[in-house]
Amino acid sequence: MVLWRYWMLREFKTRYAGSVLGLAWAFVLPLATLAIFYVLFGLVLAVRVPGMNVGNGYLLHLLAGLAVWLPFADAVGRGVGCLAAYEDFLRKQPMPPEILPSVAVGGSLLVMAIGYALLLVLSVTQGLPVRATWVWLPVLVLAQIALTLGVTLFLSMAHFLWRDVGSFVAFALQLWFYLTPIVYPLAQVPERFHAWFLLNPLACLVLALEGAVMGLAMPTGTLPALAVWVLLLAGGGWWFFRSMKSALGEAL
């Protein structure tokens, strides 16, 4: 517990507390990404979200997707190589290796909090009602953290054992982004393909968030699929990490 607190504090200082610009980056990243995609897809290509009767419906849809995607991609991008990067440190200072990928996930929580807060504030200011389904937001936040941690645990250990994994992850994240309904609403995809999105855990999470906050319809089975994905990825990632710790110890 002491080591975990030390690494969390170290991560926060490294990313946010080193300078005013470092702290501002946590706000600039989601806002800049949101602005770029909104101008390109919302204004230039004039993408609209069927079923939303507010003027900036696409902006809210985009923000819901980025609130899920940005912290996930940030945690995975930094966490995949954490064991390999601190291999020498682990030799000199034995500690539970789970701390390193956990800190990578913890370091993305501020971006997640900003994304969710912006989504709720903009939803209200754009005239959407405060829905009873908002009570499910803490559950979705916990699901997102558990899912992200499971994937990060799995990939960090896989990259330590097979160093080519890191190169594959960079490509996979780019592909995963466009396979998730973030820059395009699911309603613009032919309905016969909607069931395929249930095979994408982040798509399930984005659709559940849009349903809870904006009242958009979800494909049948979205919430059960999300629950299954959280159990599989969180539990499977933890199991793989723990089962491979012996190989990690031999390498160190």
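Biologist: Which residues in α8 do Pro101, Ser102 and Val105 in α6 meet?

Modeller: This is a predicted model, where local features need pLDDT of at least 70 and side-chain atom pairs pLDDT 80 or more, while totals for chains, interfaces and linings use all residues. Residues are numbered from 1 along each chain as its sequence is written, and side-chain values use heavy atoms, without hydrogens and water. Taking contact as heavy atoms within 4.5 Å, the α8 partners of Pro101, Ser102 and Val105 are Ile145, Thr148, Leu149, Thr152, Leu153 and Ser156.

Biologist: How many residues of that contact of α6 with α8 are nonpolar, polar and charged?

Modeller: Ala, Val, Leu, Ile, Met, Phe, Trp, Tyr, Cys and Pro count as nonpolar, Asp, Glu, Lys and Arg as charged, and the others, Gly among them, as polar. For the contact of α6 with α8, that gives five nonpolar, four polar and no charged.

Biologist: Nice! How are α6 and α8 oriented to each other?

Modeller: Helix α6 spans residues 99–106 and helix α8 residues 137–161, and their axes, lines fitted to C-alpha atoms over the stretch in contact, lie 9 Å apart. The angle between their N-to-C directions, on a scale from 0 to 180 degrees, is about 135°. Under 35 degrees would be roughly parallel, over 145 roughly antiparallel and 65 to 115 roughly perpendicular, with the rest oblique. The pair α6 and α8 is therefore oblique.

Biologist: And how many helices and strands does the protein have?

Modeller: Both are DSSP runs, helices being H or I of at least four residues and strands E of at least two, numbered from the N terminus. From the N terminus on, the elements run α-α-α-α-α-α-α-α-α-α-α-α. The tally is 12 helices and zero strands.
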